[in-house]
Amino acid sequence: MKAIKFFAAMLVGVAFLGGNTGSAQQLYWTSSGTFGPFNIQILVPTYPEARDIMVPVNMWVLDHPKGLVVYDTGNNVAIADGQCASHWAEGICGLLNPSQPRDAIIDKILERLGYSVSDVDIVIHSHSHLDHIGNIEMFPDAIHVIQDKELYQAWWPESFQRNGVHVQADYDDARDFRYFKMDGDYDLFGDGTVKIIFTPGHTMGHQSVQIKLPETGSVLLTQDSIWFKENLEGHPAGLNYSVLDYNDSLERMKMIRDVEGVPLWYGHSIQQYEAMGERWHK
Ligand SMILES: [Zn+2]
Ligand SMILES: [Zn+2]
């Protein structure tokens with residue numbers, strides 16, 4: 001019996017020393033409240049008929065053997081605290097109509113999952129829009145993974161996005177954080193389990209993440225490079241830094257889907273969120 005226990009302990013030791021075995025990571029899909037209802041044509045001008053939609057504000061928590069990872073941090077906590085009109089620019093609150101209870105903020109979600117914000121080792125930022133980078137300042141000790149170009153855009157957005165979807169108050173105190181600056185694709189842990197996929201277009205430095213899970217297999221978290229399935233049906237998003245880059249990124253993700261067989265988990269699809277959100281994916 002003793003020998004069996006010793007052998008089992010050795011096996012655990014070997015697995016640990018060997019780093020990630022590809023068997024332990026799990027991914028929690030959550031949302032920083034919702035936007036809407038609003039007419040889909042506000043977001044997607046070419047959509048043929050008016051229809052009211054709600055959208056989730058997706059965020060993910062990845063429990064990985066090499067560290068606890070958060071992918072996007074949702075709307076700033078001020079929105080839940082009733083300060084939308086002062087934290088965001090005039091008109092944005094009425095346009096997006098955010099509904100964000102305090103317990104849908106990333107710190108409370110982490111608590112519910114048994115972690116605290118200080119447990120998070122890495123925050124990956126898809127891009128610097130208000131519904132994705134909103135709570136970066138809750139993670140002063142983490143490593144922040146973002147495209148170098150996106151940092152530039154965050155600090156000097158085009159005039160049509162300034163004081164709108166880029167909110168400098170979200171990240172003005174995050175200037176001296178530790179940034180792992182990307183320039184294109186990157187295999188984050190060097191083992192193929194977390195691949196940063198550069199998907200510019202929506203913003204200058206948008207990035208998506210492809211994650212390999214032991215039971216589910218690979219999934220591609222598109223965030224705002226594809227909001228929802230209508231974008232794949234010939235109706236591009238209405239907010240883009242570059243429509244050309246947006247379409248190239250969209251085509252590339254379709255290729256990953258069709259060639260590798262990887263499902264696309266969109267950035268703002270209420271149907272997908274209701275079917276797969278608020279639970280762990282193993
Ligand atoms: Zn965006
Ligand atoms: Zn978004």
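Good morning. In strand 12, Trp 280 is the bridge partner of Tyr 28. That pair is my entry point into this predicted model, in which local features need pLDDT of at least 70, side-chain atom pairs count only at pLDDT 80 or more, and totals for chains, interfaces and linings use all residues. Residues are numbered from 1 along each chain as its sequence is written, while chains are lettered from A and ligands numbered from 1 in the order in which they are written.

Let me first place that pair. Strand 1 (residues 26–39) and strand 12 run antiparallel and are joined by three bridges. Helices (H or I, at least four residues) and strands (E, at least two) are DSSP runs, numbered from the N terminus. Two strands pair if DSSP finds at least two bridges between them.

Which order do the strands take in the open sheet of seven? The order is 6-5-4-3-2-1-12, and the pairing is mixed. Strand 6 (178–182) and strand 12 (279–281) stand at the edges with a single partner strand each, so one side of each is left without a neighbour in the sheet. From one strand to the next, the twist averages 25°.

Further along this sheet, strand 2 (residues 52–64) and strand 3 (residues 67–71) pair in the antiparallel sense over five bridges, and a hairpin of two residues joins them. Here Val 61 has Val 70 of strand 3 as its bridge partner. Val 70 also has a bridge partner in strand 4, namely Val 123. Strand 3 and strand 4 (residues 122–124) run parallel, joined by three bridges.

Helix 7 (residues 148–155) packs on the sheet and touches strand 5 (143–147) and strand 6. Its direction makes about 85° with that of strand 5; axes are lines fitted to C-alpha atoms, for helices over the stretch in contact, and angles run from 0 to 180 degrees between N-to-C directions. Among the buried residues of helix 7 are Leu 151 and Ala 154. A residue is buried if 20 or more other C-beta atoms, placed from the backbone, lie within 10 Å of its own, exposed if 12 or fewer, and partly exposed in between. The buried residues of helix 7 pack against strand 5, helix 8 (168–171) and strand 6.

Strand 7 pairs with strand 8 (residues 194–198) in the antiparallel sense over two bridges, and Tyr 186 stands opposite Ile 196 in strand 8.

Ser 225 and His 202 are 23 residues apart in sequence and 6.0 Å apart in space, C-alpha to C-alpha.

Finally, the whole chain. The protein chain has 10 helices and 12 strands, and buried residues make up 43% of its 282 residues. Its C-alpha trace spans about 70 × 40 × 35 Å along the principal axes. Thank you.

Notes
Contact = placed C-beta atoms within 7 Å.
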